[in-house]
Amino acid sequence: LKANHVWPAMHDGDGGTIPFNCYEKNRVVADEHAIVMRSSHIEPMLRNNIAGAEWDREYPGEPWDYVTNKDHIYKYWEDRVKVNGKYENVYTMGKRGKDDEAGSDVTVPVLERIMADQRTILRQWVDKDITHVPQVLIAYTEVLGLYNKGLKVPDDIIFCWPDDNFGYIRQLPDAREQQRSGGSGVYYHLQWLNGATTAYTWLNTTPPALIWEEMSKAWQYGAKNIWVLNVGDIKPGEIGAEFFLEMACDPERYRHDTVRDFLVRWAARDLDPHFANEVASIMEEYYLLGFAR
């Protein structure tokens with residue numbers, strides 16, 4: 001599908017699968033295949049710190065709080081960059097809570113200090129010219145709120161605009177923001193896990209028409225440096241992932257009145273060309289019903 005950028009999943013270290021960087025050859029194989037690695041919106045500097053994973057293993061019982069435990073968090077980030085810095089990465093900047101929640105220690109001045117310290121690490125271990133090091137701030141949930149309260153983001157950092165977890169992009173760059181040297185991108189959900197009533201982890205309910213509308217708008221607003229799709233367990237979201245990545249390769253391939261052609265082509269290829277139009281109609285109704293929930 002021509003994708004070349006991966007965020008490994010956030011892994012639970014207590015009985016779940018082992019984080020990406022625990023396998024030393026993973027970063028080597030990714031680099032050999034020209035896959036640019038990064039970590040998720042809650043995992044700065046290529047670290048996997050969700051409950052039970054790397055932070056809890058290396059600093060058991062210590063607070064994930066930059067105000068009270070800066071030295072250990074700084075070293076934790078630095079240790080990873082020392083090892084992975086020679087490979088092709090995009091570095092997630094900033095900080096949130098350890099387990100995909102708001103960081104209680106993170107305010108506008110604290111987040112600005114965190115990014116400055118992270119850039120010090122990158123200058124030391126990746127490239128003295130920080131503008132040559134790909135970095136991104138993912139303005140997910142409360143981070144976008146901090147940005148709108150005045151957070152100053154270094155101009156060369158890519159600003160990644162999030163959707164609302166259900167396929168609608170929360171905010172896009174204005175005329176001034178479109179002139180930033182780092183540009184911007186989009187973090188988009190095809191699945192979301194957050195409680196029993198709103199999760200859609202194993203259902204493919206995001207209509208290609210909505211993906212087209214939102215990502216076309218993002219392209220027109222200049223958010224084109226990085227497009228990342230949260231695919232969850234992948235299997236339920238194969239149709240949406242393929243459509244999203246087709247748009248990433250050619251954002252002007254489809255129009256509002258040709259999105260259906262994708263479903264017809266998919267049905268003809270994967271099921272039966274004799275029933276492609278009928279299957280596409282069934283899928284359109286499925287998306288209409290599924291997305292209503």
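Leaving aside neighbours within four places in sequence, Q135 is in contact (heavy atoms within 4.5 Å) with V90, Y91, M93, R119, L122, I130, D156, I157 and I158. The structure is a predicted model, in which local features need pLDDT of at least 70 and side-chain atom pairs count only at pLDDT 80 or more, whereas totals for chains, interfaces and linings use all residues. Residues are numbered from 1 along each chain as its sequence is written, and side-chain values use heavy atoms, with hydrogens and water left out.

Q135 belongs to strand β4 (residues 135-138); helices (H or I, at least four residues) and strands (E, at least two) are DSSP runs numbered from the N terminus. With a relative accessibility of 1%, Q135 counts as buried, a class defined by a relative accessible area under 20%, with exposed meaning over 50% and partly exposed lying in between (1.4 Å probe, protein chains only). A polar atom of the Q135 side chain lies 3.2 Å from the backbone oxygen of I130.

S216 is located in helix α6 (residues 208-220) and counts as buried at 8% relative accessibility. Not counting residues up to four places away in sequence, S216 touches I211, M247 and P251.

Helix α3 comprises 15 residues (70-84). The expected span of a helix is 1.5 Å times one less than its number of residues; for α3 this gives 21 Å, and the end C-alpha atoms are 21 Å apart, which agrees. Within α3, the buried residues are I73, Y74, Y76, W77, E78, R80, V81 and N84. These buried residues pack against α1 (24-32), α2 (54-58), β3 (91-92) and α4 (108-125).

Backbone torsions were also examined. Most residues other than glycine have a negative phi. K2, although not a glycine, has a positive phi of about 70 degrees. This residue lies in the segment before β1 (5-6), and K2 is exposed, with a relative accessible area of 72%. I234 likewise is not a glycine and has a positive phi of about 70 degrees. The position of I234 is in the loop between β7 (223-230) and α7 (238-249), where I234 is exposed at a relative accessible area of 51%.

Note on methods
A polar contact is a pair of N or O atoms within 3.5 Å; within protein, one must be able to donate a hydrogen and the other to accept it, and residues adjacent in sequence count only if both atoms are side-chain atoms.
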